[in-house]
Amino acid sequence: MGPKTQRVYETIRTWIESGRYSVGDKLPSERALSAELEIGRTALRQVLARLVGEHLIKAHDRSSYRVLGGGIAPTPTEGEPWKIHGSRSVYENPWVTLDLVDVEPPGVERFEHHVVRLFRVAITAVIDEQDRVLMLWRYRFVPQQWGWELPGGIVDAGEDAAATALRETEEETGWRPEPVEHVVSYQPMIGMVDSPHEIFIARGAEKVGDPTDAEEAGEVAWVPLQDIPRLMSEGKLMGSGTLVALLHILAARARGAR
């Protein structure tokens with residue numbers, strides 16, 4: 001989210017936390033919120049989708065939302081952070097760096113901690129009007145298995161992650177997505193690996209040709225969303241980005257998000 005979108009998100013969340021809108025209350029319409037908060041409808045919908053994903057509101061009618069119950073997760077006071085005294089590189093190449101970081105947790109003797117640093121990546125779930133998701137059936141030699149993945153790849157230096165999401169989807173599948181919506185940023189192995197992941201969703205895509213990325217080539221298919229739980233239970237969905245994106249979509253739909 002950009003600064004303005006983040007401000008609008010924090011404003012609506014404050015309205016809920018302060019009791020301006022209580023459980024069961026209907027929020028103003030998208031049109032009214034857009035005017036009051038001076039934000040475009042597309043950006044506003046990103047905010048509302050995030051609040052739906054956090055289970056604070058629920059889509060009620062078209063362009064209408066109600067506040068949900070269950071309370072809001074507390075924000076505990078931050079404790080004393082670990083002290084970082086320095087770091088040294090153990091191994092480095094254009095794709096991965098291994099560092100030893102000199103750290104000192106509160107009340108614990110300092111020691112060196114291994115940290116693997118990887119590139120930032122962007123992953124996209126494209127959903128069509130038939131409730132199918134655009135996926136790749138691929139072989140991964142590290143786990144030595146075939147499975148389904150969402151398109152995605154490394155964010156180039158100076159490139160916006162949303163642009164990467166669009167580019168990688170087209171290169172890997174031959175489909176050009178509609179404008180993408182950012183839904184979550186996360187780290188898949190936060191204890192030892194620095195690997196920022198950005199998850200995007202697009203609603204619809206246009207076929208523009210064949211895949212152009214030979215290294216990332218795989219069987220391209222539109223997989224029905226109703227099949228995702230089965231594929232998950234069978235271990236046929238590969239990569240944390242694929243799982244996080246699809247779980248987000250399924251959870252949002254279960255709560256009535258559009």
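Which ring does the charged end of R20 sit over? The legends below take that close-up first, and every view comes from a predicted model.

View 1. The charged end of R20 sits over the ring of W15, 4.1 Å from the ring centre. A search of the whole structure turns up seven aromatic pairs. One of them joins W15 and Y21, a tilted pair at 5.9 Å centre to centre with 55° between the planes. W15 is buried, at 9% relative accessible area, and Y21 counts as buried too, at 14%.

**View 2. W175 meets W222 edge-to-face.** The ring centres of W175 and W222 are 5.2 Å apart and the planes stand at 90°, so this pair is edge-to-face. W175 belongs to strand β10 (residues 175–177) and W222 to strand β15, so the contact ties together parts that are 47 residues apart in sequence. W222 has a relative accessibility of 17%, so it counts as buried, the cut-off being under 20%.

**View 3. Strand β7 and its partners β15 and β8.** Strand β7 (residues 132–140) runs antiparallel to strand β15 (residues 219–224), and six bridges join them. With strand β8 (residues 145–149), β7 again pairs in the antiparallel sense, this time over five bridges. L136 is a handy residue to look for here: it stands opposite V220 in β15 and opposite E149 in β8. Four residues separate β7 from β8 in their hairpin, and Q144 in the turn has a positive phi of about 55°.

**View 4. A cluster of aromatic rings.** Ring pairs link W137, Y139, W146 and W148 into a cluster.

**View 5. R50 over the face of Y9.** Here's another arginine and ring to zoom in on: R50 lies over the face of Y9, at 3.7 Å from the ring centre.

View 6. Most residues other than glycine have a negative phi. You'll find E38 in the loop between α2 (30–37) and α3 (41–53), where E38 is exposed at 58% relative accessible area. H55 also has a positive phi, near 65°, and sits in the loop between α3 and β1 (57–59). At 40% relative accessibility, H55 counts as partly exposed.

Terms used:
Residues are numbered from 1 along each chain as its sequence is written. This is a predicted model: local features need pLDDT of at least 70, side-chain atom pairs count only at pLDDT 80 or more; totals for chains, interfaces and linings use all residues. Side-chain values use heavy atoms; hydrogens and water are left out. Two strands pair if DSSP finds at least two bridges between them. Helices (H or I, at least four residues) and strands (E, at least two) are DSSP runs, numbered from the N terminus. Rings of Phe, Tyr and Trp (its six-membered ring) pair if their centres lie within 6.5 Å; planes under 30 degrees apart count as stacked, over 60 as edge-to-face and the rest as tilted. Buried means under 20% relative accessible area, exposed over 50%, partly exposed in between (1.4 Å probe, protein chains only). A charge sits over a ring if NZ of Lys or CZ of Arg is within 6 Å of the ring centre and within 35 degrees of the ring normal.
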